[in-house]
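Subject: Structure for you to look at

Hello,

Here is the structure I promised to pass on, and my notes follow below it. Please have it open while you read.

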Amino acid sequence: MRAIRLLTLALATSSPFILATRGHAEMTTRSYIGSWVTADGYVRHNLLPGNRYDEARGTRESAYRGRYEVNGTRIEYWDDTGFTADGVFVDENTLHHGGMILHRRE
C-alpha cells in the first residue's frame, strides 16, 4: 500500500495536472505560472508567482496588472484599478478568458 501511495504521489507531482476524484483535471500551482498568448500574439498574460499578473495588449506592455487566484481549473482576476474578470483552463496549454483563447507560450 505504501508503494502505491508513493507512486501516486510521484505521478501527481511530476505532471502539471492531477486527477480529481470527479475525473476533472486540477491545475497545480506550478502548472499555470508563465506566459499565455492569443494566436495572433495581441494579448499576452504573464501569470507570475505570488498570484500577480501582468497583461500586455498590442504594443502596450503592462496594459493591465493585478492579482489572480486559481481554484481547480477556474482563474479569477482582480485588476489593480478594480476591474474583475475570469477564465477557465480547458487543458494544460489552453486558457479561455474574456471570449479569447490563450495558449501557453514555451
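A nonpolar core, as I use the term here, is a set of buried Ala, Val, Leu, Ile, Met, Phe, Trp, Tyr and Cys residues joined through side-chain atoms within 4.5 Å. Please keep in mind that this is a predicted model.

With that definition, the largest nonpolar core has 12 residues: Tyr32, Trp36, Val43, Leu47, Tyr53, Tyr68, Ile75, Tyr77, Phe89, Leu95, Met100 and Leu102. Two or more of these residues come from each of strand 4, strand 7 and strand 10 (100-105). As general background, nonpolar side chains tend to be buried together in soluble globular proteins.

Now to the aromatic rings. There are four aromatic pairs in the structure. In one of them, Tyr53 and Tyr77 have ring centres 5.1 Å apart and planes at 80°, so the pair is edge-to-face, the planes being over 60 degrees apart. This pair links distant parts of the chain, with Tyr53 in strand 5 (residues 52-57) and Tyr77 in strand 7 (residues 74-79), 24 residues apart. Both partners are buried because a relative accessible area under 20% counts as such: Tyr53 is at 5% and Tyr77 at 3%. Beyond its neighbours within four places in sequence, Tyr77 is in contact with several residues, including His45, Leu47, Tyr53, Arg67, Tyr68 and Leu95. Elsewhere, Tyr32, Trp36, Tyr68 and Phe89 make up one aromatic cluster.

Which rings have an arginine over the face? Tyr64 has Arg60, at 5.8 Å from the ring centre, and Trp78 has Arg67, at 4.0 Å from the ring centre.

Finally, a few words on how strand 5 is paired. On one side of the list is strand 4 (residues 43-48), which pairs with strand 5 in the antiparallel sense over six bridges. Val43 has Arg57 of strand 5 as its bridge partner. The hairpin of these two strands has three residues between them, and Gly50 there takes a positive phi near 85°. Strand 5 also runs antiparallel to strand 6 (residues 60-71), and five bridges join them. Here Asp54 stands opposite Arg65 in strand 6. In this second hairpin there are two residues between the strands, and Gly58 has a positive phi near 60°.

Best wishes

Definitions and conventions: Residues numbered from 1 in each chain as written. Predicted model: local features only at pLDDT ≥ 70, side-chain atom pairs only at ≥ 80, totals over all residues. Heavy atoms only, no water. Phe/Tyr/Trp six-rings, centres within 6.5 Å; stacked < 30°, edge-to-face > 60°. Helix = DSSP H or I, 4+ residues; strand = E, 2+ residues; numbered from the N terminus. Buried < 20%, exposed > 50% of the residue type's maximum accessible area, 1.4 Å probe, protein only. Lys NZ or Arg CZ within 6 Å of the ring centre and 35° of its normal. Pairing = 2+ DSSP bridges. Contact = heavy atoms within 4.5 Å.
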